[in-house]
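Hi everyone, thanks for making time. Let me put the model up, and then we'll walk through the ligand site and some helix packing.

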Amino acid sequence: MMASVDRLQHNLRNVRERIDAAARAAGRDPAEVRVLAVSKTRPAADIRALAALGQREFAENRVQELTGKVADLAADPGGPELRWHLVGQLQRNKAGAVCRIGAVVHSVDRLPLVAALDRAAQQAQRPLDAFVQVDLGGPPGRDGTRGGAPPDDVPALADAVAEMAGLRLLGLMAVAPRNADPAPAFARLAELAARVRADHPGSRELSAGMSADLEAAVTAGATVVRVGTALFGPRVLSSEPDV
Ligand SMILES: *Cc1c(COP(=O)(O)O)cnc(C)c1O
């Protein structure tokens with residue numbers, strides 16, 4: 001079912017206010033932090049409604065749902081141009097599909113995927129923006145996976161992305177461990193991000209924070225927060241694996 005426009009507008013404003021307050025409290029410029037609307041499981045009507053309210057960046061965690069929604073939304077005559085992101089685990093054989101739609105990939109977590117994305121990006125003649133995902137620990141998600149590379153592997157993975165002609169390293173991404181204080185985990189992430197940035201000055205982004213922990217992420221330096229339920233309301237129960 002579609003969320004009401006009033007509800008979406010209220011939620012979008014509320015999320016923005018939470019981010020702005022956390023940024024100011026941390027002595028940061030709120031304009032440094034963008035909202036990425038995680039629209040997984042939501043109908044395209046919700047995306048259209050949020051886009052009409054000015055939201056331009058959307059994320060999905062499954063390639064099939066991503067490409068389906070991109071095609072659906074692209075069919076709108078005169079609709080606003082949206083920027084799409086993939087925040088879920090990516091199989092190498094789906095690299096081409098992601099590159100063709102020009103999505104930003106937040107989940108680069110192993111070397112073979114780096115090579116596959118580079119090949120696909122060159123083939124699509126479209127540079128691909130990528131985050132290296134860091135595993136911050138904690139229990140695995142419902143699908144048995146957690147996603148992300150061990151922190152020790154991250155600098156080498158970032159080097160590999162940065163070396164590829166078809167890829168642009170935007171920065172690091174992580175999900176905080178569930179059922180634990182996110183602050184120390186985000187602090188470790190920020191430290192790692194600073195190390196990577198020292199070698200790759202162009203990697204200025206930090207993708208961290210979700211509905212429940214976006215303040216802690218903004219305090220630690222997030223530039224992109226990935227928000228689902230705080231915008232769209234609780235996800236409809238499904239058998240799909242989730243984080
Ligand atoms: C679903 C998801 C989010 C959004 O989670 P909410 O708690 O609904 O805000 C953020 N990041 C990733 C990787 C996700 O899969």
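Predicted model: local features only at pLDDT ≥ 70, side-chain atom pairs only at ≥ 80, totals over all residues.

Residues are numbered from 1 along each chain as its sequence is written, and side-chain values use heavy atoms, with hydrogens and water left out.

Now the polar contacts, meaning pairs of N or O atoms within 3.5 Å. Lys40 places a polar side-chain atom 2.7 Å from a ligand oxygen. Thr229 uses its backbone instead, with a polar atom there 2.8 Å from an oxygen of the ligand. For Arg226, an N or O atom of the side chain is 2.9 Å from a ligand nitrogen.

On to the helices, which are DSSP runs of H or I with at least four residues, numbered from the N terminus. The axes of H1 (residues 5-25) and H2 (residues 44-52) come within 10 Å and cross at roughly 60°. Axes are lines fitted to C-alpha atoms over the stretch in contact, and angles run from 0 to 180 degrees between N-to-C directions. H1 and H2 are therefore oblique to each other, the class left after under 35 degrees (roughly parallel), over 145 (roughly antiparallel) and 65 to 115 (roughly perpendicular).

Which residues of H1 meet H2? They are Val5, Leu8 and Leu12, and they meet Asp46, Ala49 and Leu50 in H2, where contact means heavy atoms within 4.5 Å.

H2 also packs on H3 (residues 63-74), at about 55° with axes 10 Å apart. That makes this pair oblique as well. From H2 come Ala44, Ile47 and Arg48, and from H3 come Lys69, Asp72 and Leu73.

Terms used
Helix = DSSP H or I, 4+ residues; strand = E, 2+ residues; numbered from the N terminus. Polar contact = N/O pair within 3.5 Å; in protein donor to acceptor, adjacent residues only side chain to side chain.
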